[in-house]
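Subject: Structure handover

Dear colleague,

Here is the structure for your files. My notes on it follow below.

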Amino acid sequence: IHEILRVLATDGVFFFTTHSDMDSEGLLIKERVKYLTRAVCVRGNVQEGKKMYATWHHPEYVQKTLLAGFFVLEHILPGCFEFVHTQDIWIAKKASARQ
């Protein structure tokens, strides 16, 4: 996110998705505790390139911490679009210096 903030023009807009509430039911107990304490849950102790590597971001964490320096234009919950079933959609704009 720091690199996006660095390279994105002032008032530039970007789109990204995160795993969050809809996709958190399958977390292991330790992972679920991390997720529910409003932190980032990383499943990373897997072989590089395997599909098991994933992160979950609580929406409050994304809004208050990850997107500091950005203005959230949209936070769209899973299921609103046929092609995105389990991930939150975020559309954010780099804040201008005067905001």
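A residue is called buried under 20% relative accessible area, exposed over 50% and partly exposed in between (1.4 Å probe, protein chains only). This is a predicted model, in which local features need pLDDT of at least 70 and side-chain atom pairs count only at pLDDT 80 or more, while totals for chains, interfaces and linings use all residues. Residues are numbered from 1 along each chain as its sequence is written, and side-chain values use heavy atoms, with hydrogens and water left out.

Overall fold

The chain contains 3 helices and 5 strands, in the order α-β-α-β-β-α-β-β along the sequence. Helices (H or I, at least four residues) and strands (E, at least two) are DSSP runs, numbered from the N terminus. Of its 99 residues, 32% are buried. Taking contact as heavy atoms within 4.5 Å, residues 24 or more positions apart make up 49% of the contacts with a separation of 6 or more. The accessible surface (Shrake-Rupley method, 1.4 Å probe; for residues, only the protein chains shown count as cover) is about 6800 Å², and 57% of that belongs to carbon and sulfur atoms.

Interior

Rings of Phe, Tyr and Trp (its six-membered ring) are paired if their centres lie within 6.5 Å; planes under 30 degrees apart are stacked, over 60 edge-to-face, and the rest tilted. There are 3 aromatic pairs by this rule. Phe14 and Phe16 are stacked, because their ring centres are 5.2 Å apart and their planes are at 10°. Phe14 also pairs with Phe70, and here the arrangement is edge-to-face because the centres are 5.0 Å apart and the planes at 65°. This second pair links distant parts of the chain, with Phe14 in strand β1 and Phe70 in strand β4 (residues 70-76), 56 residues apart. Phe14 and Phe16 are both buried, and Phe70 is buried as well.

Helix α3 (residues 59-66) has Pro59, Val62 and Leu66 as its buried residues. They line one face of the helix, because they fall within an arc of 100° seen down its axis, the arc being that of the directions from the helix axis to the C-beta atoms. Their cover includes β1, α2, β3 (54-57), β4 and β5 (87-94).

Ser24 sits in the loop between β1 (13-19) and α2 (29-36). Its relative accessibility is 2%, so Ser24 is buried. Leaving aside residues up to four places away in sequence, Ser24 touches Arg32, Tyr35 and Trp56.

Charged pairs

A salt bridge is a side-chain nitrogen of Lys or Arg within 4 Å of a carboxyl oxygen of Asp or Glu. The count by this rule is 4. One of them joins Arg43 and Glu31, with the closest N and O atoms 2.6 Å apart. That pair also links distant parts of the chain, Arg43 being in strand β2 and Glu31 in helix α2, 12 residues apart. Arg43 is buried at 17% relative accessibility, and Glu31 is buried at 9%.

Another joins Glu60 and Lys64 (3.8 Å, N to O). Both lie in helix α3, 4 residues apart, about one turn of the helix. Glu60 is partly exposed at 34%, whereas Lys64 is exposed at 60%.

Regards
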